[in-house]
Amino acid sequence: FFFGFQHNRMQAAVVDQAPSFAVQSVRSDRKGERLESFAFGALSAVCATILTHPVDTLVVHRQTGKPRPTNLRGMYRGGAMACLQNGLTFGILFGSYDFFRAPSEHGGLGMALVPGAAMAAFPETIARGPLEAVKNMVQLQQRINLRRVAKASGVMLCREVPGNIAYFTTYEMARAHGAGALVSGALAGVTFAFLTFPIDTIRTQVAAGQRPRPSYRGVSGFALRIGGYGALMFAFNEFLWERVAGHVWEDK
């Protein structure tokens, strides 16, 4: 939940009017920018996942009432799937959000923040829903059940639509008021966590084959993971846009 934001290169800071993509006067390759949004979002997600996966494992075990792992190997169980899932889905999310928000003259649809964030949830969920469910089953050492994967993916969409709206709105408002990428990402993640945790609990329980019981049990760990994840993601992404993309286009 993104990272074609490139805040320091935006031409306006008013959240209701300025799209999150950067208007780049030195470039005309809009397809190239979509690809950069995908690639930088994916790379940022993988880096953040490597650092935060053990917290995710603890949250999943708490949501399902399963005994938590007692060693590092157990804490990183499902880590490869998590990197694949987050790299792919956040890349799709960032590229999609960039596309929905960019004005038509720059190859986008020119949507406002709220509908743009909501629409970005659909392509994201197509990838995230099944991969997240499979990751949870691996974390819980269960066999893969395709029926539960499909059900959990439906619940994922119900989480992502309101969650993305809250996430992007919080991030862009924080940036518009002068907060840095790290702080803005953390605020966005915590907002997302507290808003969507009961839905995520249902999704995890459905994936585990349990009767849905929405609750806020374990929300502190979830908020810590999503907040920390958001902070790392936005910080990594901003670094890539400033240090990598900037140098590439300067050289050209």
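**Entry 1: a stacked pair**

I began with Tyr171, which is buried at a relative accessible area of 3%; buried means under 20% relative accessible area, exposed over 50%, and partly exposed in between, with a 1.4 Å probe and protein chains only. The model is predicted, so I note that local features need pLDDT of at least 70 and side-chain atom pairs count only at pLDDT 80 or more, while totals for chains, interfaces and linings use all residues. Residues are numbered from 1 along each chain as its sequence is written, and side-chain values use heavy atoms, with hydrogens and water left out.

I then searched the whole structure for aromatic pairs and recorded ten. Rings of Phe, Tyr and Trp (its six-membered ring) pair if their centres lie within 6.5 Å; planes under 30 degrees apart count as stacked, over 60 as edge-to-face, and the rest as tilted.

I looked up both accessibilities: Phe99 is partly exposed at 30%, whereas Phe100 is buried at 11%.

Tyr171 forms a stacked pair with Phe234, at 3.6 Å centre to centre and 10° between the planes. This pair links distant parts of the chain, 63 residues apart: Tyr171 lies in helix H5 (residues 146-176) and Phe234 in helix H7 (residues 219-251). Helices here are DSSP runs of H or I with at least four residues, numbered from the N terminus. Phe234 is buried too, with a relative accessible area of 1%.

**Entry 2: ring cluster and a charge over a ring**

I traced ring pairs that link Tyr97, Tyr167, Phe168, Tyr171, Phe192 and Phe234 into a cluster.

I also found the charged end of Arg128 over the ring of Phe90, 4.5 Å from its centre. The criterion is NZ of Lys or CZ of Arg within 6 Å of the ring centre and within 35 degrees of the ring normal.

**Entry 3: cysteines**

How many disulfides does the structure hold? I recorded zero disulfides, a disulfide being a pair of cysteine sulfur atoms within 2.5 Å. Cys47 is in no disulfide, and its nearest cysteine sulfur, that of Cys83, is 9.0 Å away. Cys47 is partly exposed at 29% relative accessibility, and Cys158 is partly exposed at 49%.

**Entry 4: a residue in helix H1**

Last, I looked up Leu51, which is found in helix H1 (residues 30-64). Leu51 counts as exposed, at 54% relative accessibility.

Note on methods
Helices (H or I, at least four residues) and strands (E, at least two) are DSSP runs, numbered from the N terminus.
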